[in-house]
Amino acid sequence: MPQTLLAIAAIVAAGFLTLSQSRAVHSTTESVMRDQFELAAAGALLHTLEFADARAFDEATTPEALRTRYHLLSSMSEAERDTISSDDFSDITPADFSDPTAFGGVVCNVLEPWESPGCSVLHDLHGGEWQEVTFKTMDGHPLPVEVRATVDYVEAEAPDVAVGYKTFHKRVEVYARSTAFKTASGQDNPHVVQLRRVISFDPAVAAEYLRRSADVVGSCTAYEAWSATRGQLQKELRQSEIAQAEAAAALEGPKADFEAAEEALGIAQAQLDDAKAAWRPTDDAARAALRTLNAAKDAHERARRAEESANRALSAARTALDNAETAATAAQTALAAARTRASDAVTALDTAKAAATAAQTTLADARTRAEAAQTALAAAQARAEAAQDAEEAAGRTALDAYRAAGYYRNGRWVWRSEAARTAFQRAYARYLEAEAASEAADDAADDAEETKDAADKAAKDAKTARDDARTAETNAQTEVQNAGVAAEEAEAHVGVTAAALERARAAVPRAEAAHNEASAAVGPAARAEAQAQAAYDAATAVRAAAAAVVAAKEAVVQEARTVHTAAQTAFGTAQAVKAAADQRAADARAALGDHDGTRPDCG
């Protein structure tokens, strides 16, 4: 028993050790892969930034645009080229540049620029799809890396913030990622590497860019440059020819592998074509069944919509009938109201005429009373004046009698005689009577004036009442006319609504007949659709069986294509190496053969 436990413990320990070693190996391998990816990604990003830096800053600064803008020749001599300077382009402003919304839309091949000649401007790189670039790891395994770029206008003071307007500065951000890494759950976890560069428009750069793009003829300067490097060019030619021969020899093996893979792919493709040829009739039958099904569905849908339309038309006809009946009833009610209004207006007119007559009579009476009050006021005022005169005369008489009746002596009044005293008393009594009579006459005059004012006010009020009565009479006459017109219009509207009611009553039976006809067509259309659906399902099943055969053949073709792609890649790489060697040799020959060794006449 103890030995068994020890054996089990040893096995478990060995398992843990193996697992730990496997985990360590896996971790180390993943770390190495990430390091290799970051190195490869950095190279890809730097290559992409160099590609971006080689583009024109904007559509307005391409050589063609600059030559067109400043009327420069497309082919220029060296002397003409040397006259181009940054001053020629100092009037270019951000307004000349492309709008930010126009960025992108061009496919740019950053590894093979000659494959995308339309990608000539910096912002053509913006927003493109991820481009896959495959690198080889240290142990020879392929490592796929995807790159893409974004381009935005920025300000020089704040390059981290993209702006929505045009400036002299564009920020290029390039990204690289690899889907070769997985999370613990098996999901893609791309490891993204990012680089950034701000590229600015510089008139001097534009001038140099235009000078480099111009065609230059031979010159003394070109001869001197060629003569100084002649030995180096000859050495480069010999090395390039050796590399050219080595590349041609290395091309044979990949070429044979590629031709064999291409032949195998051709056989697999022929078998796939046969399977597709057998599949096509089933697909045609399924498509025909689908067209029949769609036609049946359309017919069913049209019948259903026709039924719905007829139902809506029937509802609309019934609603129109209800509305017409309501309108006819309302027209009758309005006619009765208009006639009542006309009758009331005639009665009101008669009442207004009677009121106007009565007001005229009242006005005449008020004016008569006012005239009488005016006469009485004049008489009262005359009596008041006479009483005032009598009072003044009696006062003077009493004063004279007082003076004649006595005198002051030693500060006391002394009557001359009893008769004089009696005469004064009688005169004073008459003065008091005259004073009382004057006050009574004044009161009578005031009463007469108040009576006269009251009579005038009554006359004025009577006139206002007479005018109001006449206005009321005029308004009553206008109301009689308006009420008559309204009654005529109401009677005419009754006729219109009655005609509309008759039309609405006639439309309901027609709408009911159309609805019944549309409803009867829905059932056959639904049955035809069900039959077409069954036929389509059967045709689809047959096509699925044929498609399964095609899928199996496609898997074979895909495998053959994978082998073919690998062979093609190897062959293409060898071809690229040979083409590069050929180009190198051709460039060396061209550089060496630009001159025949004769120095031109430089003056």
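Is Arg197 buried, partly exposed or exposed, and what is its relative accessible area? Arg197 is partly exposed, and the relative accessible area is 24%. The value comes from a predicted model, as do the other values in this report.

**The chain as a whole**

The protein chain contains 8 helices and 7 strands. It has 603 residues, and 28% of them count as buried. The accessible surface of the chain is about 36,400 Å², and carbon and sulfur atoms account for 56% of that area. Contacts can also be sorted by how far apart the partners are in sequence. Among contacts between residues at least 6 apart, 75% join residues that are at least 24 apart.

Strand 2 covers residues 142-155, and strand 4 covers residues 169-177. The two run antiparallel and are joined by 9 bridges.

Strands 2 and 3 form a hairpin, with 2 residues between them.

**Nonpolar cores**

In soluble globular proteins, nonpolar side chains tend to be buried together. In this model, the largest nonpolar core has 31 residues. The residues with the most contacts inside this core are Phe97, Leu122, Leu125, Val147 and Val172. At least two residues of the core come from each of helix 1 (2-53), strand 2, strand 4 and strand 5 (193-200). Another core lies apart from this one; it has 9 residues, including Leu314, Ala317, Ala324 and Val508.

What is Phe97 in contact with, leaving aside its neighbours within four places in sequence? The residues are Phe57, Asp58, Ala60, Thr61, Ile92, Tyr153, Lys166, Thr167, Phe168 and Phe201.

**A nonpolar patch on the surface**

Some nonpolar side chains are at the surface. Leu5, Ile8 and Val12 form a nonpolar patch there, and together they have about 260 Å² of accessible area. Ile8 is part of helix 1. With a relative accessible area of 45%, Ile8 is partly exposed, because only values under 20% count as buried and values over 50% as exposed.

**Salt bridges**

Side chains of opposite charge can pair when their charged atoms come close. The count for this model is 19 salt bridges. Three of them are set out below.

| Pair | N to O distance | Relative accessible area |
|---|---|---|
| Arg197 and Glu50 | 3.8 Å | Arg197 24%, Glu50 47% |
| Arg466 and Asp467 | 3.1 Å | Arg466 9%, Asp467 28% |
| Glu502 and Arg505 | 3.4 Å | Glu502 48%, Arg505 42% |

The Arg197 pair returns to the opening question. Arg197 and Glu50 meet through their side chains in a salt bridge. Arg197 belongs to strand 5 and Glu50 to helix 1, so the pair ties together parts that are 147 residues apart in sequence.

In the second pair, Arg466 counts as buried because its relative accessibility is 9%, and the limit for buried is under 20%. Asp467, at 28%, counts as partly exposed.

The third pair lies within one element. Both Glu502 and Arg505 are in helix 8 (residues 418-592), and they are 3 residues apart, about one turn of the helix. Glu502 counts as partly exposed, and Arg505 is partly exposed too.

**A residue with positive phi**

Most residues other than glycine have a negative phi. Asn410 has a positive phi, near 50°, and is not glycine. Where is Asn410 found? Asn410 is in the loop between strand 6 (406-409) and strand 7 (412-415). With a relative accessibility of 77%, Asn410 counts as exposed, because the limit for exposed is over 50%.

Methods
Residues are numbered from 1 along each chain as its sequence is written. This is a predicted model: local features need pLDDT of at least 70, side-chain atom pairs count only at pLDDT 80 or more; totals for chains, interfaces and linings use all residues. Side-chain values use heavy atoms; hydrogens and water are left out. Two strands pair if DSSP finds at least two bridges between them. Helices (H or I, at least four residues) and strands (E, at least two) are DSSP runs, numbered from the N terminus. A nonpolar core is a set of buried Ala, Val, Leu, Ile, Met, Phe, Trp, Tyr and Cys residues joined through side-chain atoms within 4.5 Å. Buried means under 20% relative accessible area, exposed over 50%, partly exposed in between (1.4 Å probe, protein chains only). Contact means heavy atoms within 4.5 Å. Patches are made of residues with over 30% relative accessible area and no salt bridge: like charges are joined within 9 Å, nonpolar side chains (Val, Leu, Ile, Met, Phe, Trp, Tyr) within 5 Å. Accessible areas come from the Shrake-Rupley method with a 1.4 Å probe; for residues, only the protein chains shown count as cover. A salt bridge is a side-chain nitrogen of Lys or Arg within 4 Å of a carboxyl oxygen of Asp or Glu.
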